[in-house]
Structure formats: C-alpha cells, structure tokens
Number of protein chains: 2
Amino acid sequence: MVMTSWRNWGAGLLLVAAASLPARAAEGMWTLDNLPLGPLKAQYDFEPDQAWIDHVMHASVRLASGCSGSFVSDDGLVLTNAHCVLDCVHELSDDAQDLVNEGFVARKRDAEAKCPAEEVNQLEAITDVTAQVETATEGLEGEAFVDARNAVIGDIESACIGDQAGRRRCDVVELYNGGLYHLYRYRRYQDVRLVFSPEYRAGFFGGDPDNFNFPRYNLDIGLLRVYEDGRPIDVADRFRINRKGARPGELTMVTGHPGRTERQLTVAQLERVRDVDLIDTLAYYSERRALLWQYSRQGESAARRAQADLTFTENSLKVFKGQLQALLQPELIERKRQEELALRESAGDLESDPWAAIADAQNAYRELRDPYVLVERRRGFYSTYFSMARGLVRAADERAKPNAERLPEYQDASLPRLEQTLMSSAPIDPDYEATKLAWSLTKLRELLGPDDPLVKLVLGRESPEIVAQRLVEGTALGDVAERRRLWEGGVPAVAQSKDPFIQLARAIDRVSRDLRTRYEAEVESVETRNQAIIARLRFEKYGTSIYPDATFTLRLSYGEVKGWVENGQTVEPMTTLGGAFERATGVDPFALPQSWLSRKKALDLDVPFNFVTTNDIIGGNSGSPVINRKAEVVGVAFDGNIHSLGGAFWFDETLNRCVAVHSGAIIELLDEVYEAPALVKELQRR
Amino acid sequence: MVMTSWRNWGAGLLLVAAASLPARAAEGMWTLDNLPLGPLKAQYDFEPDQAWIDHVMHASVRLASGCSGSFVSDDGLVLTNAHCVLDCVHELSDDAQDLVNEGFVARKRDAEAKCPAEEVNQLEAITDVTAQVETATEGLEGEAFVDARNAVIGDIESACIGDQAGRRRCDVVELYNGGLYHLYRYRRYQDVRLVFSPEYRAGFFGGDPDNFNFPRYNLDIGLLRVYEDGRPIDVADRFRINRKGARPGELTMVTGHPGRTERQLTVAQLERVRDVDLIDTLAYYSERRALLWQYSRQGESAARRAQADLTFTENSLKVFKGQLQALLQPELIERKRQEELALRESAGDLESDPWAAIADAQNAYRELRDPYVLVERRRGFYSTYFSMARGLVRAADERAKPNAERLPEYQDASLPRLEQTLMSSAPIDPDYEATKLAWSLTKLRELLGPDDPLVKLVLGRESPEIVAQRLVEGTALGDVAERRRLWEGGVPAVAQSKDPFIQLARAIDRVSRDLRTRYEAEVESVETRNQAIIARLRFEKYGTSIYPDATFTLRLSYGEVKGWVENGQTVEPMTTLGGAFERATGVDPFALPQSWLSRKKALDLDVPFNFVTTNDIIGGNSGSPVINRKAEVVGVAFDGNIHSLGGAFWFDETLNRCVAVHSGAIIELLDEVYEAPALVKELQRR
C-alpha cells in the first residue's frame with residue numbers, strides 16, 4: 001500500500017523537496033499549473049484544455065491523514081482506498097463491533113458514521129508567493145533563516161485563511177528545492193463520514209506477503225461522504241465512473257498527492273539516507289512488527305487493537321526495505337554521482353560549494369539523529385497518550401505567542417486539524433498503550449544509553465516497564481473532556497495539571513525543542529539554502545521541462561495500462577475477480593470473506609479486478625483516481641509493485657508500476673456482494 | 001558478552017578462515033605452535049619456554065557450546081563465564097526452581113548438577129596434515145573439491161579418534177585460508193556439572209544497556225566440574241589463581257578460543273557481508289528481540305523460558321550492529337581496498353584472478369542466501385523440535401553411509417557431541433516452541449514468497465500459526481526416550497515415524513541439501529580455493545610474522561591492562577565492587593541481588609571488580625583466563641568494549657579493549673556473598 005509510506009517518511013527521514021532532471025516517457029509528478037502538455041500531445045495525442053484541468057483539480061481531493069481521493073457523486077461521496085479509511089474504521093470499532101474485519105456498509109444516509117479524525121481538502125487555487133518569501137529571508141542563515149521563513153509563511157497563510165479557519169486551509173509549499181514557493185488554498189471539510197469499507201479480508205487480501213506485489217486481488221476501496229452543517233455537501237466538480245474501466249494500452253492519468261520523493265538529493269544525502277536512516281529504520285520497524293505481532297496473539301480483542309498499527313508497520317517495513325535495496329545498488333549511486341559531477345562542471349565558478357555544505361550538514365545530522373528522532377519525533381515515546389500530551393503542552397505555549405513566532409504546526413493554518421486530532425473520540429486502550437510505551441522506552445535507553453541525562457530524567461531509578469505502567473494508570477487523557485479542558489485552559493491549565501503524561505511532556509519539552517532548533521539550524525536550513533542553489537543551477541542547465549519532487553500536493557502523472565517483464569517472464573497487466581477465488585486458500589491472509597463466498601455464483605468472474613500502469617506514483621497517492629482522457633474514473637490507485645519502491649530516488653520506466661483497483665470490479669462487488677443498490681446508483685448517475 | 005557472537009557467526013554468515021597482515025603491538029590471535037616470541041621479548045621482556053607453553057595449552061579448555069575456560073583446581077574445576085553456563089542453568093530450571101534468577105551454588109560435591117548438553121575439550125596435540133589434504137584435493141573444483149576435502153578430513157579425524165570416540169575429539173582445522181591444515185586432538189569430557197552460577201542480576205548486571213560497554217560491574221563467572229566415571233577428574237595442568245589479580249600496565253595474556261574473525265576477506269566479500277548479511281541479520285534479530293521481549297511479558301514462567309534466548313538475541317544484535325557500523329566507515333573499506341591493490345600489484349602475472357573469482361561467488365551467494373539461511377540453516381524453522389527432527393533424520397541417513405561420504409557434522413568425530421545434544425534432558429516448552437515456530441514460518445513466507453514451492457509444501461493451505469500449532473501438538477520429540485528410539489532405530493524408524501516434525505524434516509530435506517550443495521559448490525569452494533591463492537601471495541610478501549584468522553581453536557593474545565580515550569575523556573581501566581553498589585538503582589537491569597545487598601557490609605568495596613586490557617579477542621573467547629607471566633589467573637575475559645566489535649574485520653589498538661572480571665572479586669564474592677568456603681579453599685590451593 002502506498003499511503004503509509006508517506007506518513008512514514010515524515011516520521012523517519014529528513015524533509016526536503018527537490019527538482020528533477022528532464023523527464024523520460026511517463027516519468028513525472030506534475031503540478032497542475034505546469035502539465036507536460038507537449039509530451040501528452042506527442043505521445044498520446046491528448047490536449048487537455050483549461051476547463052479539463054480545472055475540473056480535474058476540483059474533483060481530486062486530499063485526505064489530511066495522508067491519502068488521496070476523488071469526488072464521485074454530486075452528494076459529496078469520496079472514493080479512496082480501504083487502507084485510507086482503516087484508521088477511521090478502527091476508531092469506530094470496539095470489542096462489541098469489529099468493523100475492521102466485518103466491514104461497513106451504510107445502505108442509508110443516517111447509517112453513515114463520522115470519522116473521529118479525518119479531514120478532506122479540496123484544492124481551490126494556487127498562487128506564486130516566491131518573491132515574498134525570498135524578500136523575507138534574504139541574506140539570512142541558520143536559525144535566523146528558519147525563523148524568518150516560518151514567520152513569513154505564517155503570515156501568508158494567516159492572511160489567506162482570514163476568518164475562515166474552519167472552512168479554509170492554506171499551505172505555502174516549497175517547490176523545486178525552494179526555487180519556488182506556492183500558496184495552495186484548499187476548501188477544508190472536517191465532517192467526514194464513513195460510507196463503505198470492505199472486510200479486512202477483501203481490502204487486504206494477500207496481506208503483507210502480497211503487498212507491493214502483482215498479480216493482485218484487492219478490493220482496496222473505501223467510500224466517505226463529506227458533510228457540512230449536518231448535510232452532505234453539493235459537489236460542483238466530480239468524476240463520473242466508467243464501469244468498463246481501464247484497458248491495456250490505454251492512456252491513464254493519476255491525479256493525487258504523492259507525499260515525498262528524494263530524486264534530487266545529493267550523493268552525500270543519499271548515502272546518509274542509506275547508511276543512517278534506512279538501516280536504522282529497518283531495524284526499528286522490524287522490532288516493532290514483532291512487538292505488535294506477538295501482542296496480537298493474546299486474543300481477538302488485542303489483535304483488533306493492534307491491527308491498524310501492524311498493517312502500517314509491515315507496509316512501512318516493505319517500503320524501507322525496497323528503498324534500501326535501491327540505494328545499495330552501486331550503479332545507481334554511481335549514476336547520481338555522474339549527474340552531480342556534470343552539473344557541478346557546467347556550473348563554473350561558484351561563490352561557495354553547495355554540495356560540500358550539504359555534505360557537512362550530513363555529518364551534523366549523524367550526530368543529532370538518534371536524540372532528535374527519539375525525543376522530538378517521539379519514537380522513544382510510542383504512545384497515543386504521549387502524542388496527545390505533547391500536542392496539548394505545546395499548543396498551550398505556542399498559542400500564547402503571535403502567529404508568526406509559533407512552530408509551523410501550531411500556526412493558525414494548522415490549528416483546526418490539530419484540534420480535531422487532539423479531540424478525536426477514538427478509544428485509547430491502556431494495556432496497549434503501556435505495551436507500546438514500555439517497549440519504546442527501552443529503545444530510548446538503548447540508543448541514548450542509560451547514563452544520558454534525558455533517559456535518567458524519564459526513567460529515574462525505574463524500569464521502562466514500571467514507568468510506562470505508572471504513566472498509563474495515572475493519566476486521564478483517555479477522556480476527551482479532559483483534553484478539551486486542557487486545550488481550552490491553555491498555559492495555566494497545563495501548568496497545574498498533575499497528569500503524568502502532561503508532566504512528562506513538559507519535563508522534556510526544553511530538551512526536545514533544543515534538539516529541533518539544532519536540527520533546523522545545523523541541518524535543515526543548510527540543506528534548504530544549498531539545495532536552492534543547486535536547483536537554480538539545474539534550471540539554468542535544463543530549462544523548464546522539469547517537475548518538482550513530491551510535496552503531498554496535487555500532481556498529475558500520465559502513463560498507460562501495461563505489464564512488465566520479470567526474470568524473463570511477462571507479467572500481464574490485469575487480473576480478474578475469478579483469480580481471487582483461485583488464489584484463496586481459506587486461511588488468512590489468503591481468505592476471502594464469507595460475503596464473497598456466498599455470493600460467488602452471482603458474480604461475473606471475468607470482470608477485471610486489479611491492474612498495473614506505468615504512472616509515476618508514490619506514498620500519498622493511495623486512493624488517487626485513475627482517469628481516462630474524458631476525466632472518467634477507470635480505477636483507483638492503491639499500491640506500486642516492488643520496483644516502485646526505488647521510485648523515491650529515481651523512476652525506472654521498464655519496471656516501476658502503479659497498481660490499481662479496476663472500476664468494473666468496484667461496481668460489480670458493491671452491487672452483487674455488498675448489496676448496496678443506493679450506492680451503486682449514486683456512483684453510476686451520469 | 002563475547003561468546004554468543006561466535007555461535008551467531010556460525011548461524012548467519014559465511015564460513016571462511018583467513019590469514020592476517022603483519023601484526024602491530026598487541027594485535028593477533030596466535031596459535032600455540034607459533035607464538036610471537038620476538039615481540040613478547042622486545043615489548044615485555046617475556047620469554048616463555050616450551051614447558052610454559054605446554055602447561056598453558058593443557059590448562060586452557062574449550063566448551064563445545066561455544067566458549068572458553070580453564071582448569072583451576074586439581075579436581076577438575078573449570079572457571080568460565082556466567083553467560084557460558086547460562087544454557088545449562090536454564091535447562092536445569094523449571095517453574096519450581098528458577099536457577100537463572102536465583103543462582104546456583106553447590107557447596108558440596110553431591111549437589112553438583114549435570115549440564116544436559118555441555119562438553120569440555122582439552123587440547124592435547126597439534127599435527128600438520130596439510131600435505132594429506134592438498135594431495136587429496138589437487139586439481140579439483142566445485143562440488144568435487146568439497147566432497148574430496150570432506151572425505152580426506154573425515155578419514156584423518158576417524159583415524160585420530162580410533163576406538164576412543166567417547167574420550168577423544170579430533171578436528172582438522174583450516175588455517176591461513178587453507179594455507180595450512182592442522183589436526184587438533186582433544187581430550188573430550190562429556191560429564192560436565194554445574195558448580196556455581198551467580199544470580200542473573202549479578203552475572204548480567206547492567207543487562208543489554210551495559211553490554212559491550214565499560215565501566216562495568218559484572219560477576220560474569222561460572223564454575224563447572226569435569227567428571228569421568230562418576231568422579232571428578234584429576235587434572236595435571238591447571239592454573240593457579242592470583243587473588244591480587246591484574247594491575248594497570250601489567251602484561252596480560254588471554255588463552256582461549258576466538259570463534260571467527262574476517263580480517264582477510266576481500267573487499268567484495270566485505271561489501272557482501274555489509275550489504276547482504278549484516279543488514280538482513282540486523283533486521284532479523286531486531287524482530288526476534290521484540291518477539292521474545294513481548295513473549296516474556298506474559299508472566300514469570302514465560303519470561304524464564306525466553307530469558308536465555310533473549311539474552312543471546314540482544315547480544316547478537318549488538319554485535320552485528322557494531323560490525324555493520326564498522327563496515328559503514330568508508331575509510332576502513334578504502335584501507336582494505338588499498339591493501340588488496342598492493343598485494344595484487346606485487347603478485348605480478350597470475351594464471352587466474354582470485355579476487356575476481358571471489359567477487360563472482362558473492363553474486364552467487366546473493367542469489368542463494370535467503371533460501372539457504374532459511375532452510376538449510378533453519379532460520380525459517382526456529383524451533384528446538386525442528387532442530388531435533390533435522391538432526392535425527394539426517395543422522396539416520398548419514399550414519400548409513402561410510403564415514404568419508406557423510407556431511408562433516410555427521411562424521412564419527414562429531415557423533416558423540418551430536419548425540420549428547422539430541423538426547424539432552426532439557427525441557428522443551430510447547431507454547432514457547434509454537435510461538436517461535438509460527439513467527440519464523442512467517443519469515444519463511446515473507447522472504448521466499450507465498451508462491452514458492454517449498455513454502456507451499458510447508459504451509460499448504462494453512463497459516464504459519466495453524467501449522468506451528470498442529471506440529472507442536474502432534475509431536476512426541478519432547479520425550480528423550482522417543483528421540484533415543486529414533487536415533488537407535490535409524491533409517492527404518494525415521495521412515496515409519498508419524499511424528500509431524502520428523503515428517504516435515506524429511507519432506508524438505510532434499511531441497512535443503514540441494515541448497516547446501518549449491519552453496520558449497522558455487523560459493524564456499526570458490527572462496528576457499530581462491531583465498532588459499534591469496535594467502536600464498538600474502539605469505540610470499542609478508543613472510544611468517546602473521547597469525548591466521550580465528551577458527552574457534554586455541555589462541556594466545558598478549559596485551560596489558562590499559563584504559564582508553566573516548567571523546568577526549570580517559571576511561572580508567574578498572575572498577576571496584578563499591579562501584580557496583582553506586583550504579584545500582586534497585587530496578588532491573590540495574591538491580592543487585594538480595595544476597596549482595598544483605599552482605600554489603602562484609603565486602604571489601606575497594607577490591608577491583610572488572611578491568612580492560614588491550615588483548616585482541618572476539619566471540620568464543622568468553623570465559624578465557626587472563627593470565628600473567630607466571631601463568632596465574634588474574635582475571636576472566638567476558639566481553640569487549642563497543643570498539644571491539646569492529647575487531648571482526650581489523651584490530652584498532654587505540655580503542656579495542658577486552659573486558660574481564662578481576663580474580664580478586666571472584667574470590668571476595670565467593671567467600672563473603674556466596675558463602676562457599678570449600679570452593680574458595682579449592683580455588684586458592686597452591
């Protein structure tokens with residue numbers, strides 16, 4: 001599954017955005033204000049006009065939790081992936097109703113259930129604000145640069161939002177390594193309700209073994225509906241569904257929100273990603289997988305609690321393993337080295353060497369990484385309670401400051417989403433929390449050492465196990481009302497709180513913020529400034545026929561339905577519903593749900609089920625519509641093949657494939673298996 | 001702890017032995033027939049005579065389970081590490097008596113308890129058999145080379161053993177990358193009894209956080225006694241214990257059995273170790289750690305069952321992490337590359353390029369590794385039942401063949417040890433076995449893929465969980481009598497067995513043997529033959545002042561008691577008993593046992609406890625005596641510092657340190673805390 005890698009990148013690796021080299025066929029994640037009209041015309045004889053582009057832009061949406069989707073009915077229905085609604089389904093489940101495994105179908109509107117922490121964003125406008133940002137940061141370095149940049153971005157976003165905080169989201173996006181800054185203005189929707197989620201066995205058929213592989217048989221589809229003022233919204237731009245769906249060789253476009261690519265990292269950065277981040281992250285997620293796997297074996301209730309985290313962890317692990325394998329290929333690193341040398345040579349004399357400066361910053365990163373990731377990025381405090389406490393403590397401090405002086409995630413533009421997350425009604429299980437926290441505290445001690453002052457502060461003379469138990473037993477943060485009280489009470493309420501998680505978050509906040517400041521000053525700002533220099537050199541050399549690295553903003557990629565050749569064998573581009581029944585063994589993860597088995601006879605087993613295309617996608621693209629030139633949905637992207645994992649660093653057209661659910665299968669299954677005639681009708685309305 | 005890394009190397013990585021470059025001060029693990037007499041005289045004015053050497057050779061012993069030790073009394077008392085007797089202590093424990101955590105002191109002879117699966121080997125003689133091996137293998141390649149070599153070695157060992165199988169062990173050892181083959185003849189002792197093991201809190205104080213670190217406070221000491229015919233043996237050569245122990249600056253020698261170094265791997269091999277073996281092994285052990293950690297949290301009984309495996313796993317993880325960090329330093333790989341180039345240039349024209357041949361073999365290895373490690377090395381079948389079944393199935397088949405045609409581990413020389421292992425009376429817990437097996441079967445499926453024929457053969461249409469449960473519930477291999485019946489019944493008994501583990505082991509045996517044959521033919525034999533060529537070039541260039549890579553045979557290293565400088569801070573070379581009480585927090589792993597706390601007043605807190613030396617040691621050296629020039633025990637080696645982990649690939653004299661328990665602390669604690677006057681008296685007899 002593609003989605004989660006994006007959340008992951010954010011958690012584990014460095015945040016950078018970079019411009020790419022000239023595109024080959026099908027390569028590229030293009031912003032909607034700079035589509036590759038030339039290649040589209042030349043290769044596919046397709047010439048979208050501005051109306052087509054605007055329509056597609058408005059019909060495509062982003063899920064704030066890290067996915068993509070699209071409007072597919074006039075009444076606010078959003079089509080996305082099952083794995084994109086998994087958190088919501090999980091949060092709506094409890095020991096009494098296990099919606100994750102049983103699935104969820106709202107056959108009437110009043111059965112649609114509010115997702116506690118989801119938000120839908122619809123892109124309304126893109127504005128260039130590069131000049132404003134450059135003016136504000138001119139000549140600055142290190143912490144001063146970071147502060148000035150955050151301040152001007154905060155101002156721009158605030159002005160954009162005005163008094164519409166609940167309905168508008170504004171993000172300044174750094175494109176082409178700081179070569180451009182664009183303001184993305186979204187219509188924000190916070191009342192998002194679950195309409196359909198298949199049983200886990202259908203949405204995740206093949207489980208971890210089949211993940212990132214093909215042939216594939218997943219109904220990785222979820223439906224949400226956007227509400228406002230208690231009613232479904234009216235949608236002006238929405239995609240129609242073409243039930244015949246995609247055919248081999250057909251031009252396909254994917255409009256969605258790829259989260260992160262690193263295609264323009266320098267060799268020094270790639271080596272650091274490989275030797276530091278990916279190796280460490282591989283070990284971390286490997287360990288976490290077994291923790292959750294063994295926790296799940298305690299019984300059905302425990303399994304249900306850990307299921308979403310385990311799915312996410314296994315997916316992440318596969319992503320990072322694939323990325324590491326990609327970076328361990330010496331010839332690919334060598335190609336990057338040659339590209340870098342060529343650019344360096346053509347640059348002539350430079351005032352300073354941006355590559356050397358970036359290389360130095362990698363050494364600073366190596367020193368800072370463990371404490372930064374463990375403390376500021378919370379890896380040493382793997383607990384929902386702690387995340388809530390961190391958010392409440394910081395929100396109190398930050399909201400007391402002028403907007404432009406706050407940490408970006410506490411600026412006005414981000415508060416609605418933050419509040420929604422912190423006030424989520426999703427249940428938090430104390431036993432599960434104690435397990436995750438105890439384990440992560442052992443990581444904290446392992447990596448920083450038992451004599452580290454912060455470790456001593458957190459553990460005192462106790463063990464991770466005892467500390468975790470004491471914190472979990474003493475906290476009231478499981479209660480939304482208590483979190484609401486602290487959110488609204490601000491600094492005094494937080495300062496007076498005796499809640500052990502609040503006290504822990506406060507106790508380590510100074511150290512944690514210092515780590516972040518050092519990281520931003522010694523690593524991030526150095527990279528940003530010097531990558532911008534390299535980006536300008538690249539602009540000079542390659543002109544405008546380039547696309548920026550992914551930034552979890554709307555992009556279009558084009559390609560076609562096409563298999564590939566693996567070890568001399570041709571992999572056909574499409575599977576059928578019948579293939580799922582052939583592959584099923586009856587035992588997880590290769591078991592089909594009972595609903596399918598009992599309705600098998602009614603199904604047309606020749607209907608295409610999953611298919612692959614040459615579209616260039618990555619984590620964050622999950623749930624993206626796959627559309628044809630008439631802007632009809634012919635499929636929904638949900639994964640890449642195993643070769644797509646190297647796509648973080650380069651695009652290999654011969655092997656890299658996007659994996660999607662065919663629109664024909666969606667309609668067929670909703671109709672025959674899930675018996676949801678109203679939904680089928682709504683989806684097929686012209 | 002050093003021991004377990006050796007078992008680990010054997011489990012995860014390639015078996016090779018290699019010669020080293022000329023030694024610097026303190027570097028080197030010297031065979032006892034080629035001691036560095038010149039440097040010893042020059043640097044320490046020490047000239048051991050042949051009597052000294054013979055005495056030291058006979059007083060040093062090897063534990064077949066993977067450790068070193070020494071005779072320290074006339075009555076067969078063996079001094080080693082607590083972590084070297086941990087398996088025995090674990091096997092003697094059950095829910096009624098938890099010897100791991102409570103410790104064990106046999107204050108009288110009749111309380112000494114037989115270790116179910118331990119064996120002590122005392123080196124008696126070394127003979128050069130190079131000519132015999134070379135004649136038998138001349139001109140052969142691939143599988144033919146492996147078969148011929150195994151056959152001639154089998155013949156030599158059999159002839160050496162004669163009719164003394166129960167009392168004699170004979171191993172042909174490949175030294176200097178096949179430059180030399182030596183026959184090591186040992187006196188074999190299979191009745192080994194536990195005499196003393198401290199509480200886990202004392203033997204493993206500081207636990208995983210302090211492991212491979214210093215300052216240190218571990219009573220990592222265990223005592224065994226060797227019996228024969230029901231009586232303690234009479235020992236002719238044994239070390240005396242010098243209670244005053246080691247002092248800073250003093251010459252120290254370590255005589256023990258370093259398991260494996262890789263100091264003469266080619267760059268292609270080092271890159272393969274780094275990119276394939278170590279990264280994969282890091283992920284594997286990370287995951288296994290969390291599995292065992294979370295399993296342990298079920299309760300005291302579960303924790304006891306998993307304790308030894310968890311300790312071993314955490315230790316392995318630290319070893320592999322350290323080795324990976326060492327190989328990720330580009331300057332060290334570059335140094336190796338330069339050494340290789342220099343040797344290549346001085347070699348002149350060669351018939352064939354041994355480096356290129358080895359590099360090709362690495363590619364073959366990359367293809368073979370996953371199935372080879374999972375199936376033939378049993379990583380996909382992590383279960384004592386399965387190991388037993390594999391041993392019984394193969395023993396039946398192999399023992400039916402002439403000795404020289406058998407797999408080496410089933411040749412006559414190895415049968416007594418094998419039988420002892422397979423007939424161990426140590427209890428096997430079904431729930432624990434089902435957990436480990438289910439987990440490892442998920443690894444099998446993950447790495448080979450669900451469509452792999454072997455995976456389909458093993459899992460059928462079931463899940464790993466169900467298969468593991470079914471196997472464990474159906475097996476009778478927990479019963480020693482049943483294993484005895486199959487061992488003695490040979491091929492017919494095994495063929496008729498309906499035991500599901502026996503049937504599984506039989507079902508996959510063909511595939512597993514084929515993987516091994518391919519590995520030996522395409523990788524191992526190519527490496528062995530070409531490393532021998534490189535070894536000869538090195539001999540020509542550097543002469544005789546070199547030592548061979550470690551081979552789990554007796555070696556002497558020399559050095560001195562000396563701290564080091566870390567980040568500008570001097571690390572003092574010795575700690576005291578008082579320091580342990582200062583470091584103790586009262587909570588594991590920093591809790592001292594009650595016995596210490598209640599006897600604190602009686603202890604001389606100024607007695608040295610642990611110390612570091614510059615001796616060059618590695619996994620397998622655990623339990624080695626640290627002796628002075630009078631051949632008195634002044635300490636017992638149990639660990640290296642964190643820098644010693646790179647010692648697998650090179651020796652860094654400025655940082656690499658051996659960590660030992662001081663002899664003064666051993667006597668003081670046995671006397672004052674463990675109240676074992678008879679033992680103290682026996683240990684101090686002159």
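View 1. About 3500 Å² is buried between chain A and chain B, with carbon and sulfur atoms giving 56% of it. Buried area here is the accessible area (1.4 Å probe) that two parts lose on being put together, summed over both. On the chain A side, Trp293(A), Gln294(A) and Arg461(A) lose the most area to chain B, together 16% of what that side buries. The contact (heavy atoms within 4.5 Å) takes 43 residues from chain A and 42 residues from chain B.

A word on the model itself: it is predicted, so local features need pLDDT of at least 70 and side-chain atom pairs count only at pLDDT 80 or more, while totals for chains, interfaces and linings use all residues. Residues are numbered from 1 along each chain as its sequence is written, chains are lettered from A and ligands numbered from 1 in the order in which they are written, and side-chain values use heavy atoms, with hydrogens and water left out.

**View 2. Charges across the contact.** Chain A and chain B have 10 salt bridges between them, each a side-chain nitrogen of Lys or Arg within 4 Å of a carboxyl oxygen of Asp or Glu. One of them joins Glu446(A) to Arg289(B), with the closest N and O atoms 2.8 Å apart. Among the helices of chain A that each supply at least two residues to the side touching chain B are H10 (267-296) and H16 (430-448). H10(A) gives the largest share of that side, 12 residues. Helices (H or I, at least four residues) and strands (E, at least two) are DSSP runs, numbered from the N terminus.

**View 3. Around the axis.** Turn chain A by 180°, with a shift of 0.0 Å along the axis, and it can be laid on chain B with an RMSD of 0.0 Å. That is the relation of a two-fold axis. In chain A, the C-alpha nearest the axis belongs to Glu287(A), 2.0 Å from it. The copies are superposed by least squares on the C-alpha atoms of residues with pLDDT of at least 70 in both.

View 4. Ser197(B) sits in strand E10 (residues 191-197) of chain B. Ser197(B) is buried, at 5% relative accessible area; buried means under 20%, exposed over 50%, partly exposed in between (1.4 Å probe, protein chains only). Leaving aside residues up to four places away in sequence, Ser197(B) touches Val85(B), Val89(B), Gly103(B) and Phe104(B).
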